[in-house]
Amino acid sequence: MTSAHDPTFVGLSLLVAVLGSWTALDLFRRVRAHIAQARMIWLAAAAVAMGVSIWSMHFIAMLGFDPGSPVRYDLGLTLLSLALAVGATGFAFFWAGGGSAGLRRLAIAGTAMGAGICLMHYVGMAALRTAVALGYEPRLVALSLVVAVVASTAALVAARRERSIGWRAVSALVLGGAIVGMHYTAMAALRLTHQGHAQASSGDLSPILLATAVALGTLVLLFFALLASLYDRRLEVLDALQAGKIGYWELELPRMRLHVSPRGKEIFGRRPDQPFGYADLLAALRPGQGAAQETGLTQVWESGEDYDVEIPVRPADGSERWANLRGRVIADRSGRPRRLRGVILDVTDRRQAFAAMAESERRFQLVADSAPVFIWMSDEQGALTFANRHFQEVFGRRPDQILGRGWIELFLPEDRDAFRPASEAFEQRKPFTITARAQARDGRILWLRCDGAPRFEEGGRFLGYAGCNVDITEAHTSLERQQLLVNELNHRVKNTLATIQSIAAQTAKGAPSPAQFREAFEARLVALSQTHNALTRGGWERASLRQLLTQELQPYSADQTRLDGPDVDLPPRAALSLGMVLHELATNAAKHGALSTPAGCVRVSWKLQQRGGAQRLVLDWREEAGPRVETPSRRGFGSRLIETSIVRDLAGVAELKFAPRGVACRLEIPLVEQPDALAAAS
């Protein structure tokens with residue numbers, strides 16, 4: 001017996017199957033997006049949508065099937081077929097919706113779903129009441145099962161990997177086509193045998209009424225399922241925004257009707273339940289900002305560019321707040337802008353953090369530029385990224401000449417090897433201290449102590465070095481002076497002790513008794529001490545010749561001494577030697593010469609002469625009106641002292657005459673500048 005299928009109902013059944021598959025797969029995404037009880041609710045919704053659409057497709061297709069005899073359906077078996085469709089798809093979606101579902105798990109779910117669809121079909125066929133007996137070709141029945149299982153598995157795999165609308169469309173087409181393909185494969189296995197007229201029962205339903213009701217019910221169900229899915233996604237996004245303390249806004253164009261989420265209202269300083277329109281938005285801004293924002297919105301509206309501005313907000317409590325409005329133009333199919341939609345972020349903390357950071361950097365710059373030291377910072381490669389103003393003031397280099405690697409040019413070439421320990425410390429991320437010389441803009445050579453320490457962020461990432469170079473030129477010079485001072489002091493003490501030892505030895509040779517030795521020795525030590533005092537008053541740099549003479553001749557009458565000559569400052573060595581010589585001449589005059597009688601007189605004159613490019617002191621000592629002088633039979637202490645101090649020590653000339661009218665002594669001393677370490681240190 002032959003049967004026929006109406007092409008209109010074939011196409012309608014395919015459309016219902018594909019739409020149902022699309023809806024079910026969309027709901028399946030909701031299953032994967034939720035957990036716990038919400039997951040089970042969406043799982044049930046997906047199963048019902050898929051099961052009902054399969055069931056509806058079956059009966060719509062059967063409406064287009066003409067077995068050659070009137071058809072009615074058994075209500076109980078019809079409802080059972082619906083339950084089988086819903087249960088099979090529900091199990092498959094549950095099994096395939098696991099977070100770590102592999103191919104084996106998907107194969108099990110696909111098999112269960114295909115078998116359930118196939119079983120739903122044959123139970124639905126069993127509900128058919130007609131005068132034609134139904135039989136099936138086993139091979140085609142098996143083929144229909146294989147088609148249902150393979151197509152269901154492929155659709156679940158595609159659904160698991162869905163990343164776009166295109167993927168979902170492919171999955172819906174595959175699954176919808178598989179359902180229809182399975183149905184018509186099973187219908188091809190059908191064998192009809194005429195048995196007479198079917199008997200109607202009170203429980204039977206009209207096929208036209210049943211098909212119409214099923215189709216309408218399915219479309220309504222699919223519509224509300226899609227609507228619920230879309231609304232759930234919207235709620236999901238809004239909940240995520242709310243959890244992130246992000247507001248949502250939407251501006252309808254061109255009527256400028258504004259919708260703002262509760263969090264958005266809070267950012268603008270309004271209550272969540274308070275009305276908030278476009279005029280309220282402009283009123284919430286600082287004075288003068290409203291017109292600028294309207295202009296900016298108009299430009300975005302006309303250009304279609306994204307909207308991203310940070311605006312100052314004036315809440316009702318008068319506090320200072322900043323809001324970041326980001327949005328995008330939504331256009332209709334003709335390209336005309338219809339909406340601006342976006343988010344609102346409270347960026348007050350970020351603004352305050354940036355302001356605090358800018359203020360901190362400004363204070364740091366001010367402190368660094370005010371410091372009389374060289375402050376610097378480098379990056380992780382060792383290139384200088386910051387140098388304070390002191391570098392420019394001292395070295396006369398612009399910042400761009402110092403930053404990077406330019407700083408090395410500040411140091412003397414022979415001292416650049418001193419930075420090798422710094423390079424080693426840099427590789428090991430350790431502090432370092434080195435000393436090197438640099439040349440200032442005025443030509444001075446500066447000693448710098450360079451200290452550096454590594455910088456790390458909170459996570460431990462190396463950021464570079466920060467350091468300070470201190471000018472230790474004065475301290476370094478003082479240290480050298482101190483060392484020179486110690487050496488010179490040792491030398492001077494040794495010389496003084498040697499002088500005292502020589503004075504003692506020479507005095508002892510000419511002293512007839514211990515008492516006379518003591519008297520002469522003490523007098524000579526006092527003379528040496530007075531010369532030291534004169535040098536001390538001059539800071540051990542100079543001693544006045546006139547002061548030495550005045551000090552030596554002070555015990556005698558002013559009528560007996562005559563001093564004639566310019567002011568002359570003697571170097572320390574010349575002052576010490578000449579002071580001892582003058583003491584011996586004065587002592588000899590007091591004992592044996594002109595100062596031993598009231599009528600005697602000592603005339604001392606001196607002058608400066610240039611000879612051979614060097615200055616020399618010429619001093620004449622003459623005694624008058626004293627006792628008659630006789631040439632001594634032996635050389636005394638004074639003669640030996642003059643020879644040792646003037647001729648040997650000072651490379652001068654000494655001429656001593658014992659004329660009958662009085663002693664005459666002529667001394668020539670070179671006044672060569674001889675640096676004195678002790679004086680310099682003082």
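## Strands, sheets and helix packing in a predicted model

Asp620 is found in strand S21 (residues 614-624). Helices (H or I, at least four residues) and strands (E, at least two) are DSSP runs, numbered from the N terminus. The model is predicted: local features need pLDDT of at least 70, side-chain atom pairs count only at pLDDT 80 or more, and totals for chains, interfaces and linings use all residues. Residues are numbered from 1 along each chain as its sequence is written, and side-chain values use heavy atoms, with hydrogens and water left out.

**Two buried residues**

Asp620 counts as buried because its relative accessibility is 13%. Buried means under 20% relative accessible area, exposed over 50%, partly exposed in between (1.4 Å probe, protein chains only). The side chain of Asp620 makes a polar contact with the side chain of Arg666, at 2.9 Å. A polar contact is a pair of N or O atoms within 3.5 Å; within protein, one must be able to donate a hydrogen and the other to accept it, and residues adjacent in sequence count only if both atoms are side-chain atoms. Leaving aside neighbours within four places in sequence, Asp620 touches Arg603, Val604, Ser605, Cys665 and Arg666. Contact here means heavy atoms within 4.5 Å.

Gln293 is found in helix H10 (residues 289-303). Gln293 is buried, with a relative accessible area of 12%. Leaving aside neighbours within four places in sequence, Gln293 is in contact with Leu285, Tyr307, Val309 and Ile311. Gln293 and Leu282 are 11 residues apart in sequence, and their C-alpha atoms are 8.0 Å apart.

**Two open sheets**

Another open sheet of 5 strands runs S13-S12-S16-S15-S14, with antiparallel pairing. Its edges are S13 (384-387) and S14 (432-439), each with a single partner strand, so one side of each is left without a neighbour in the sheet. The twist averages 25 degrees from one strand to the next.

Two strands pair if DSSP finds at least two bridges between them.

| Strand pair | Bridges |
|---|---|
| S9 and S10 (residues 321-331) | 7 bridges |
| S10 and S11 | 9 bridges |
| S14 and S15 (residues 445-456) | 8 bridges |

Asp308 has Arg326 in S10 as its bridge partner. Val313 stands opposite Arg321 in S10. Gly327 is bridged to Gly342 in S11. Thr433 has Asp451 in S15 as its bridge partner. The hairpin of S10 and S11 has 5 residues between the strands, and Gly335 in it takes a positive phi near 95 degrees.

**Helices**

Helix H14 (residues 420-428) lies across S12 (374-378), S14 and S16 (462-471), at about 140 degrees to S14. Axes are lines fitted to C-alpha atoms, for helices over the stretch in contact, and angles run from 0 to 180 degrees between N-to-C directions.

Helices H3 (residues 75-96) and H4 (residues 103-126) pack at about 175 degrees, with axes 8 Å apart. H3 and H4 are therefore roughly antiparallel, a class that takes angles over 145 degrees. Their contact includes Leu77, Phe91 and Trp95 of H3 and Arg105, Met113 and Gly116 of H4.

Key: Angles under 35 degrees count as roughly parallel, over 145 as roughly antiparallel, 65 to 115 as roughly perpendicular and the rest as oblique.
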